[in-house]
Amino acid sequence: MDLLFAARYPFVDSVSEIPEISSVSAEDVVSSPYMEDVRRRGLSRVMEALESAEIGTPSLLGKSDRFTEIMSYPYARILVSCVNDRYLTKRYALAEASRAADYLEEEDPKRIDAIARTVGAKTQIVDGEFKMHFADYLRLASRIKGSEWKLVNHDVGKGFVTLPKGKFVRLLQNALQDRIESELPLDVPNAIANAVRGDVDAISYILADRKSRFATEFTGDLNPDHLPPCIRALLGGAQSGTNLPHAGRFALVSFLNNIGMGSEQILTLFSQSPDFDESKSIYQIKHITGELYGREGYTAPECKTMKTNGICVNEDDLCAREKVNHPLIYYRIKSGTGRRD
Ligand code: SF4
């Protein structure tokens, strides 16, 4: 394996077999004066992930650039493990996977195939055609919404789904994210944890600030037990970073607004998502709540529309009552603000 490939994809297992890498100990990485650039870049990987869910791609022209990039990956993983916060871990995994996907977009098929193998996806890349086994396709595409991801919209033959390169890479990104997240937190020895305490404290400070910035803005009294199953599922999806379909996002925001939450409060709930983008989210939310145009917001869709859009899920006994034809009616009954018959 060459150093450039390893620098782009430092999560590949065989990177640790490269002689220049295998000869460096974890103690060297966290404390050697020669590893300052590595530690700086490692900290920046985590901070960038925290701030923007993205990690930049520095120059990898020189051998020392490549070495720094490779070694900064395990250092970043040590930091994330020491902080050991679920939100940070998810957001970091998302950012690392997205960084790798940026490189994969420009990569030749042979190298893309090598990365696909590292995440255990069953693929075939022959004559420029990208194919993924349908089971892997379903697993990885299920959380990307939009009709263009439906299996029926692709050629399927002999168990494999044929995909354009961009979509193939996008699915690999999901697989990488899962893998990176599943490997964290690492079991970090005390001596190593003590050596990195300064960087861990810096990350924890920013993380706490980010969380409190949104938490203090939330003054609502939303009781999740009162929410209809469909809205609970959408909210859970939004908070765990699932890419909600447009209809789902619309239903969720309009519902929350209809029960009295303002744009900032709704933003607070969305801010827990690992891929939260504040400026994009507030624009979308204010569009739906009407705040953007100084008018009344939209009314949440009724159950019939939710069913048509495939976002009526986990129906329960209350949903089955004849009078419950709208998620807002469900909520009013459950919260005691409406009729119970
Ligand atoms: S029946 Fe209505 S309230 Fe119940 S889950 Fe479906 S859309 Fe939501």
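**Ground rules.** I number residues from 1 along each chain as its sequence is written. Since the model is predicted, local features need pLDDT of at least 70 and side-chain atom pairs count only at pLDDT 80 or more, while totals for chains, interfaces and linings use all residues.

**Helix pair.** Next I checked α4 (residues 36-52) against α6 (residues 86-104): the axes are 9 Å apart and the packing angle is about 100°. Helices here are DSSP runs of H or I with at least four residues, strands are runs of E with at least two, and both are numbered from the N terminus. Axes are lines fitted to C-alpha atoms, for helices over the stretch in contact, and angles run from 0 to 180 degrees between N-to-C directions. So α4 is roughly perpendicular to α6 (65 to 115 degrees; under 35 is roughly parallel, over 145 roughly antiparallel, the rest oblique).

Who touches whom? From α4 I have V46, E48, A49 and L50, meeting L88, R91, Y92 and A95 of α6; contact means C-beta atoms, placed from the backbone, within 7 Å. By class I get six nonpolar, no polar and two charged residues. Nonpolar covers Ala, Val, Leu, Ile, Met, Phe, Trp, Tyr, Cys and Pro, charged covers Asp, Glu, Lys and Arg, and the others, Gly among them, are polar.

Most residues other than glycine have a negative phi, and most peptide bonds are trans. The L184 to P185 bond is cis, with omega near 0°, and P185 sits in the loop between α9 (165-182) and α10 (190-195).

D127 has a positive phi, near 50°, in the loop between β1 (123-126) and β2 (129-133). D127 is exposed, with 5 other C-beta atoms within 10 Å (12 or fewer is exposed, 20 or more buried, in between partly exposed; C-beta atoms are placed from the backbone). N314, phi about 60°, is in the loop between α16 and α17, and is exposed too, with 10 other C-beta atoms within 10 Å.

**Ligand shell.** Around the ligand I listed P228, P229, C230, C303, M306, C312, E315, C319, P327 and Y330, each with its backbone-placed C-beta within 6 Å. Elements giving two or more residues are α12 (229-239), α16 (303-308) and α17 (327-334). The shell divides into nine nonpolar, no polar and one charged.

Terms used. Contact = placed C-beta atoms within 7 Å.
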